Amino acid sequence: QQQQQAHVSQTQAELEEKVETEPSGSDQLLQGSLAAGEEQATEQMEEDVEVQQDEVDVTSLWYALQERYEAVQQYSEEVAQRVREAEEKQVIALSRGGSALEVLARVRQDLENAKLRAEKEKAQARAQEVAAVARKVLPILDNFERAAAVVRPSTAAEKAVQDSYQAVYRQMQDILRSYGVEELVCEGKPFDPLEHEAIMQEYSAEVPDGTVLTCLQKGYVLRQPASSSSSSSSQSSSSGASEEKQDEEQESGKVDETVLLVRPALVKVSTQ
């Protein structure tokens with residue numbers, strides 16, 4: 001009997017210890033709920049971060065569109081202002097008693113002049129862009145020229161390497177010429193402060209004072225002819241005398257063009 005009581009007491013003690021050490025079903029359920037809640041909170045935070053990134057991209061796009069819209073609106077206002085000026089001139093001409101044909105001719109002339117001004121501004125803007133790109137490419141051409149002046153290939157392999165990079169040099173020159181970038185010819189010509197930059201002087205009795213003796217760094221100029229539409233519209237709007245003048249200029253080879261100095265030439269000038 002005593003052994004049975006001792007066995008019962010030991011069994012009861014083991015059950016109590018098991019209850020204390022092992023979590024109940026409700027505790028396990030609570031822990032599972034907490035883990036699920038943490039996982040859901042993490043996913044929500046990741047979604048919030050993605051939404052914020054999308055909002056940043058949309059905001060940047062909105063500002064870019066807003067700037068573009070303002071530029072277009074400004075251009076529209078300028079065009080509208082020109083139209084109003086033309087209408088005002090028309091009203092003034094009518095008030096002065098001019099005929100309808102005279103008013104129409106003046107309005108047409110004003111519109112054509114505005115078109116020519118717009119095309120000229122467009123050509124100047126394009127020339128500025130081409131010149132800016134050319135200024136970044138010209139140092140590369142200078143390096144090619146220095147390499148060609150210094151390197152003297154002695155083997156067939158070295159000659160092949162030189163020919164390959166000189167081919168690249170000529171290709172870059174052709175690209176610049178296709179956009180109207182030309183090299184300034186300065187040796188033997190009088191010094192021009194608009195095209196030359198004198199960094200050295202040398203005494204010489206053989207040439208006049210102020211003559212360019214040597215070009216130390218090539219200079220470049222951008223020449224872009226006027227568009228055909230501009231020339232045609234200007235010919236149609238001119239009078240008989242101006243048409244004859246334009247015909248003479250075409251026969252003599254004179255053509256309107258946009259000229260822009262890309263880089264002045266560094267030269268050595270003679271002095272006496």
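Leaving aside its neighbours within four places in sequence, which residues is S204 in contact with? The answer is L213, S270, T271 and Q272, where contact means heavy atoms within 4.5 Å. S204 itself sits in the loop between β2 (196-203) and β3 (212-217). With 12% relative accessibility, S204 counts as buried; the cut-offs are under 20% relative accessible area for buried, over 50% for exposed and partly exposed in between, with a 1.4 Å probe and protein chains only.

A word on the ground rules. This is a predicted model, in which local features need pLDDT of at least 70 and side-chain atom pairs count only at pLDDT 80 or more, while totals for chains, interfaces and linings use all residues. Residues are numbered from 1 along each chain as its sequence is written, and side-chain values use heavy atoms, with hydrogens and water left out.

**The overall layout**

The protein chain has six helices and six strands, and along the sequence they follow the pattern α-α-α-α-β-β-β-β-α-α-β-β. Both kinds of element are DSSP runs numbered from the N terminus: helices are H or I with at least four residues, strands are E with at least two. Of the 272 residues in the protein chain, 18% count as buried. The protein chain exposes about 20600 Å², and carbon and sulfur atoms supply 54% of that; accessible areas come from the Shrake-Rupley method with a 1.4 Å probe, and for residues only the protein chains shown count as cover. As for contacts with a separation of 6 or more, residues 24 or more positions apart account for 79% of them in the protein chain.

**Rings around F144**

A search of the whole structure turns up two aromatic pairs. Rings of Phe, Tyr and Trp (its six-membered ring) pair if their centres lie within 6.5 Å, and planes under 30 degrees apart count as stacked, over 60 as edge-to-face and the rest as tilted. F144 and Y165 have ring centres 6.1 Å apart and planes at 25 degrees, so this pair is stacked. Since F144 lies in helix α3 (residues 100-150) and Y165 in helix α4 (residues 156-178), the pair ties together parts that are 21 residues apart in sequence. Both F144 and Y165 are buried.

F144 also pairs with Y169, this time in a tilted arrangement: 6.0 Å centre to centre and 45 degrees between the planes. Again the pair links distant parts of the chain, with F144 in helix α3 and Y169 in helix α4, 25 residues apart. Put together, F144, Y165 and Y169 form one aromatic cluster.

Y169 is buried, at a relative accessible area of 9%. Not counting residues up to four places away in sequence, Y169 touches L141, F144, E145 and K218.

**Two nonpolar cores**

What about the inside? A nonpolar core here is a set of buried Ala, Val, Leu, Ile, Met, Phe, Trp, Tyr and Cys residues joined through side-chain atoms within 4.5 Å. The largest one has 16 residues, and those with the most contacts inside it are L138, L141, L176, V181, Y220, L222 and V262. Elements that give two or more residues to this core are α3, α4, β4 (220-225) and β5 (257-263). The largest share, seven residues, comes from α3. L138 is in contact with L176, Y220, V262 and R263, leaving aside neighbours within four places in sequence. Apart from this core lies another, of five residues, among them C186, V212, A265 and V267.

**Far in sequence, with C-alpha distances**

Here are some residue pairs separated along the chain.

| Pair | Separation along the chain | C-alpha distance |
|---|---|---|
| Y169 and D142 | 27 residues | 9.6 Å |
| Q124 and T258 | 134 residues | 7.0 Å |
| A86 and V107 | 21 residues | 6.2 Å |

Q124 belongs to helix α3 and is partly exposed, with a relative accessible area of 38%. A86 is in helix α2 and is buried, at 10%.

**A patch on the outside**

Helix α2 (residues 25-95) also holds Y75, which at 54% relative accessibility counts as exposed. Y75, V79 and V83 form a nonpolar patch on the surface, with about 270 Å² of accessible area together. Patches are made of residues with over 30% relative accessible area and no salt bridge, where like charges are joined within 9 Å and nonpolar side chains (Val, Leu, Ile, Met, Phe, Trp, Tyr) within 5 Å. A salt bridge, in turn, is a side-chain nitrogen of Lys or Arg within 4 Å of a carboxyl oxygen of Asp or Glu.
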